[in-house]
Amino acid sequence: MSSPDTFDLPITGMTCASCAGRVERALRKVPGVKSATVNLANERAHVEVLQKIDPAHLIAAVDKAGYGASLEQDTAAQQADQLKRHDSERWHLTLAIVLALPLVLPMLLQPFGVHWMLPAWLQFVLATPVQFFLGARFYVAAFKAVRAMAGNMDLLVALGTSAGYGLSVYQWLVTPAGGMPHLYFEASAVVIALVLLGKYLESSAKRQTASAIRALEALRPERAIRVVDVQETDVAISALKAGDLVLVKPGERFPVDGEVVEGQSHADEALISGESLPIAKQPGDKVTGGAINGEGRLLVRTQALGAETVLARIIRLVEDAQSAKAPIQKLVDKVSQVFVPVVLLLALATLVGWLLAGASAETALINAVAVLVIACPCALGLATPTAIMAGTGVAARHGILIKDAEALERAHEVTAVVFDKTGTLTSGTPRIAHMIAIDGNANALLQQAGALQRGSEHPLAKAVLDAAREQGLTLEDITQSRSLAGRGIAGTLQGCELALGNRRLLEESDLPPDTLAESAEAWEAEGRTLSWLIELSPQRRVLGLFAFGDTLKPGAAQAIERLTERNISSHLVTGDNHGSAKVVAEALGISDVHAEVLPADKAATVRELKKNGVVAMVGDGINDAPALAAADIGIAMGSGTDVAMHASGITLMRGDPRLIPAALGISRRTYAKIRQNLFWAFVYNLIGIPLAAFGLLNPVLAGAAMALSSVSVVSNALLLKTWKPYDEGDAP
């Protein structure tokens with residue numbers, strides 16, 4: 001997404017890492033440009049500017065470098081353009097195979113004792129359209145590269161195949177009539193066919209790496225039903241504005257982010273948050289555009305549209321991460337800058353070396369051609385970005401949003417994870433942790449307390465009512481209900497005057513805690529909030545005691561266990577009291593606890609831990625933002641504040657703590673794929689170039705190896721799409 005400070009430009013004409021590097025250098029030279037990164041895998045340039053700049057200057061710079069650029073298209077048009085190019089590549093490939101197959105057939109039949117050769121004129125007729133029509137793209141791109149005083153893969157292919165084709169024409173012309181010239185038309189034609197095959201397979205694979213973005217884009221409905229004065233009107237999404245009422249029928253996608261004002265249903269948010277179970281929705285609940293409405297009709301008040309919706313922000317985050325450049329890519333960029341010139345020198349050295357060794361000009365030229373063909377740097381340029389695209393894409397499908405490639409690469413090194421407590425490991429809403437009745441009848445105690453709390457919006461009242469509902473208790477009506485400011489609530493139930501409140505209420509009623517004193521002291525030491533239920537008349541006595549506390553999130557214990565299995569230490573840093581922090585830490589097996597910590601001190605604690613390793617901080621509130629920014633990797637819970645999400649490198653779209661080790665797991669897998677891809681990309685060239693130079697690899701085999709290198713690198717990255725967030729060990 002472009003903004004006044006950034007531009008995202010689709011780039012055309014790039015074929016290898018050298019191309020991407022040249023576009024970057026051209027953009028960085030434009031006055032006012034702060035930085036430029038080009039992603040070969042998704043063919044986009046991300047440009048940051050220091051001042052207002054005319055995008056036409058950026059486009060002109062790219063054009064001068066020999067490539068094409070445009071302002072960002074709408075996604076549908078861009079996808080249509082990519083599909084059109086993909087279809088064109090398929091037809092070119094099909095035609096190249098049809099023309100090259102008869103040329104290579106005699107070579108394939110030789111091992112079976114069949115010695116047969118096409119006439120020279122027929123070989124010329126078949127090879128020429130492959131060389132100059134289907135291979136025209138290589139000549140055009142090579143010419144642009146030479147004009148820009150640079151080199152790329154196309155230059156290597158154009159030089160290599162032209163040399164083979166030219167040598168064949170020369171041999172044909174100088175051979176006496178009736179003689180059988182030694183021709184290499186099949187080598188040049190087959191190399192071009194193989195390069196086209198590699199580019200087609202590469203294009204197909206790259207489309208798969210971008211499938212996460214396409215899947216998210218497909219969630220956006222184009223129309224909605226607006227309700228005005230009971231009148232229902234079908235309108236385009238662009239016609240809506242904040243505050244409009246929208247009707248969402250069963251089975252439809254929510255067209256906007258908003259709040260339910262009428263109706264009850266469930267929402268399937270699996271493709272947005274990764275949450276597999278439908279979530280109940282009723283008046284007052286938030287809904288997310290792109291989620292699927294379940295069984296009920298809902299009336300929704302619009303709160304966010306267009307670029308401000310959760311879905312749009314998710315798409316933006318994934319796009320930014322896929323366009324970003326991982327730190328390891330800097331090594332690749334340095335290599336690619338000198339790669340093509342070095343290969344040209346090696347090819348020249350091969351030619352001269354064979355001639356000096358007494359070989360024929362024909363042999364020397366063929367070996368030099370093999371060097372040019374094998375040395376395609378495509379795999380080198382695709383190794384990192386395809387892995388990042390696949391890794392961030394599969395993570396997003398499971399509710400893990402990785403904002404930048406640096407966070408993805410660095411997360412695999414994490415040695416310690418610092419947790420905030422409330423909203424991260426705990427639900428953030430109070431529940432009844434303990435309750436005790438003087439007469440031993442806990443259900444009757446809960447029934448009386450629930451009756452007093454009916455209709456109250458207080459968080460502790462909600463905890464009591466939730467517990468009563470879970471037990472299936474019937475709550476009777478209270479009369480003469482009244483609030484006791486700063487103490488609690490009172491009312492009359494079946495002729496008895498009851499009150500529920502804090503210790504101050506107990507003291508003002510002049511009632512001793514009696515047998516509950518020991519329990520009260522123990523629960524207060526745990527950091528629990530206490531509420532006493534007392535009878536004021538006809539008797540004055542204590543009926544029972546409730547202890548409220550935050551509850552652990554489902555999966556919190558599993559998250560800590562998985563981190564421990566990977567030798568990653570867990571630390572709890574919270575602003576809450578020591579008692580409640582200790583209870584949570586003991587329940588989860590966390591030994592290092594820092595309680596009653598101010599926000600600034602949270603960041604200081606993180607910085608102290610960083611002295612001994614790589615630290616990830618997990619939080620959800622505004623008070624966690626300094627610590628998230630201070631950590632090597634900030635991980636924000638998606639249910640938290642926007643400030644926390646902006647300060648973090650990774651956002652979890654749902655509050656499942658198990659996604660924390662999962663995020664570190666996908667980082668480790670992705671980084672492993674990057675290293676594997678770079679290894680294979682370098683190995684192909686380290687082994688292939690010497691073999692070609694010493695005459696052990698003919699141009700046809702060199703072309704096949706070159707195509708295979710690109711395809712294998714992209715295919716290896718695509719294996720990341722099989723990743724599941726809760727795989728045992730998440731091992732690469």
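Guide: Helices here are DSSP runs of H or I with at least four residues, numbered from the N terminus. This is a predicted model, in which local features need pLDDT of at least 70 and side-chain atom pairs count only at pLDDT 80 or more, while totals for chains, interfaces and linings use all residues. Residues are numbered from 1 along each chain as its sequence is written, and side-chain values use heavy atoms, leaving out hydrogens and water.

Visitor: Which residue with a positive phi follows H2?

Guide: Glycine 66 follows H2, and its phi is positive, near 105°.

Visitor: Which residues of helix H2 are buried?

Guide: In helix H2 (residues 55-64), Pro55, Leu58, Ala61 and Val62 are buried, meaning under 20% relative accessible area with a 1.4 Å probe, protein chains only. Seen down the axis of H2, these buried residues fall within an arc of 115° (taken from the directions from the helix axis to the C-beta atoms), so they line one face of the helix.

Visitor: Which residues touch the most other members of the largest nonpolar core?

Guide: Nonpolar side chains tend to be buried together in soluble globular proteins. A nonpolar core joins buried Ala, Val, Leu, Ile, Met, Phe, Trp, Tyr and Cys residues through side-chain atoms within 4.5 Å. In the largest one, of 74 residues, Leu27, Ile400, Val417 and Ile650 touch the most other members, and helix H24 (residues 659-693) gives the largest share, 8 residues. Apart from this core lies another of 53 residues, among them Ile192 and Ala693.

Visitor: What is isoleucine 400 in contact with, beyond its neighbours within four places in sequence?

Guide: With contact meaning heavy atoms within 4.5 Å, the partners of isoleucine 400 beyond those neighbours include Ile650, Leu659 and Trp723.

Conventions:
Buried means under 20% relative accessible area, exposed over 50%, partly exposed in between (1.4 Å probe, protein chains only). Helices (H or I, at least four residues) and strands (E, at least two) are DSSP runs, numbered from the N terminus.
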